[in-house]
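Please walk me through this model in the viewer, one selection at a time. Tell me what to pick and what is there.

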Amino acid sequence: YLHALQITEPNEFDIMLVMPVARLQLDECDDTGAYYYLTFKRNPKEKYLLKFLDEDGKLSALKMLQALREIIKQEVKNIKNVEVTVKRKKVGSPAITLQIKNPPAEISVDIILTLEVQQSWPPSTQDGLKIEQWLGRKVRGEFRNKSLYLVAKQNKKEKVLRGNTWRLSFSHIEKAMLNNHGSSKTCCESDGPKCCRKGCLKLLKYLLEQLKMKYTKELEKFCSYHVKTAFFHSCVMWPNDTDWHLGDLEHCFQRSLGYFLDCLQTCHLPHFFIPQYNLLSLEDKASNDFLSRQINYQLNNRFPIFQE
């Protein structure tokens with residue numbers, strides 16, 4: 001297992017381009033509680049954004065992404081010493097991707113257009129972030145007081161892809177949970193006890209990555225966010241630092257994987273912050289079963305894919 005943790009050099013990076021916005025009206029556009037139409041309340045401070053409204057007065061993610069894309073294309077031309085290109089647009093992707101060719105390796109950087117709204121989180125998040133037993137009620141309150149992030153993300157469920165939907169994003173909170181992941185304050189600090197939580201998440205992501213490389217078509221529905229979500233649920237189910245001793249990585253990894261397998265079996269993995277939003281719907285049952293079989297095979301054969 002451990003050598004699997006050091007294998008892959010990171011070659012993909014995400015950068016959130018965060019734009020502060022004072023107040024927005026959020027209207028749910030489906031039953032996930034994750035996707036919203038955004039409109040301005042009267043007299044917005046952000047006059048410069050008015051040109052990105054569509055005919056209904058909704059803030060168009062598409063228009064903003066197109067404009068940002070043009071700016072980035074212009075800027076990239078000014079970079080002399082490194083070869084940087086803007087990759088072709090992927091339909092529905094919230095990101096603008098830069099290819100950076102620089103020996104020793106090629107890297108890609110996703111620039112993700114993000115609005116930061118200083119207002120309370122919408123009702124769909126009310127019963128999410130169940131971290132009381134793990135990180136405590138106070139920390140949950142602090143997190144919920146942080147701003148709301150919205151990313152320009154096309155909702156696949158929309159019949160007509162108009163490009164005016166935005167999705168809630170909690171990556172700033174996820175990062176904070178990973179950085180302060182212990183039920184005790186000193187977990188993994190220089191003088192504190194070490195745990196295997198981060199190693200566990202790395203292994204889960206690596207396993208899915210390897211399987212996706214092997215079965216690209218069959219597993220296209222899955223992304224690292226699925227295992228990351230399962231991992232956060234695992235942190236809640238096993239809230240104590242003693243549940244995650246550094247030396248127990250193998251056991252903890254298999255335990256989290258077991259939870260993820262249960263989710264695949266039942267086609268039910270609630271979004272960590274938006275519990276009504278199921279990330280593994282029944283209509284993807286075939287994909288869920290396929291991934292479930294592949295993981296079970298790896299589990300029962302001591303993970304041959306880590307050796308390949």
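Select R302 to begin. In this predicted model, R302 counts as exposed, because its relative accessibility is 65% and the cut-off for exposed is over 50%. Find R302 in the segment after α8, the helix that spans 285–300. Check the backbone here too. Phi of R302 is near 55 degrees, a positive value in a residue that is not glycine.

Stay in that segment and pick Q307. Q307 also lies after α8. Its relative accessible area is 52%, so Q307 is exposed.

Next, go to C188. Is C188 buried, partly exposed or exposed? Its relative accessible area is 31%, so C188 is partly exposed. C188 sits in the loop that runs between α4 and α5. Look at the backbone again: C188 has a positive phi of about 65 degrees, and C188 is not a glycine.

**The two domains**

Color the chain by domain. Domain 1 covers 1–180 and domain 2 covers 187–307. Taken over C-alpha atoms, their centres are 23 Å apart. Domain 1 puts 30 residues into the contact, and domain 2 puts in 29.

Show the surface between them. About 2,500 Å² is buried between domain 1 and domain 2, and carbon and sulfur atoms give 70% of that area.

How many salt bridges does the rule find across this interface? The count is one. To see a salt bridge, select K228 and E174 and show their side chains. They meet at 3.0 Å, N to O. For polar contacts between domain 1 and domain 2, the count is four residue pairs.

Now hide domain 2 and keep the side of domain 1 that touches it. Two elements give two or more residues to this side: α1 (2–6) and α4 (171–179). Which of the elements gives the most? It is α4, with five residues. Color this side by residue class. You will find 16 nonpolar, nine polar and five charged residues.

**Helix α4**

Select H172, I173, E174, M177 and L178. These residues of α4 are buried.

What do the buried residues of α4 pack against? Show these elements one by one:

- helix α3 (137–144)
- strand β7 (148–152)
- strand β8 (166–169)
- helix α5 (197–214)
- helix α6 (224–237)

**Strand β4**

For the last stop, move to V84. V84 belongs to strand β4, residues 83–86. Its relative accessible area is 13%, so V84 is buried. Which residues touch V84, once neighbours within four places in sequence are set aside? Select V76, I79, L98, Q99 and I100: V84 is in contact with each of them.

Select V84 together with F260 and draw a line between their C-alpha atoms. That line is 38 Å, for two residues that are 176 residues apart along the chain.

Methods:
Residues numbered from 1 in each chain as written. Predicted model: local features only at pLDDT ≥ 70, side-chain atom pairs only at ≥ 80, totals over all residues. Heavy atoms only, no water. Domains from an automatic or database assignment. Contact = heavy atoms within 4.5 Å. Buried area = accessible area lost by both parts, 1.4 Å probe. Salt bridge = Lys/Arg side-chain N within 4 Å of Asp/Glu carboxyl O. Polar contact = N/O pair within 3.5 Å; in protein donor to acceptor, adjacent residues only side chain to side chain. Helix = DSSP H or I, 4+ residues; strand = E, 2+ residues; numbered from the N terminus. Nonpolar A, V, L, I, M, F, W, Y, C, P; charged D, E, K, R; others polar. Buried < 20%, exposed > 50% of the residue type's maximum accessible area, 1.4 Å probe, protein only.
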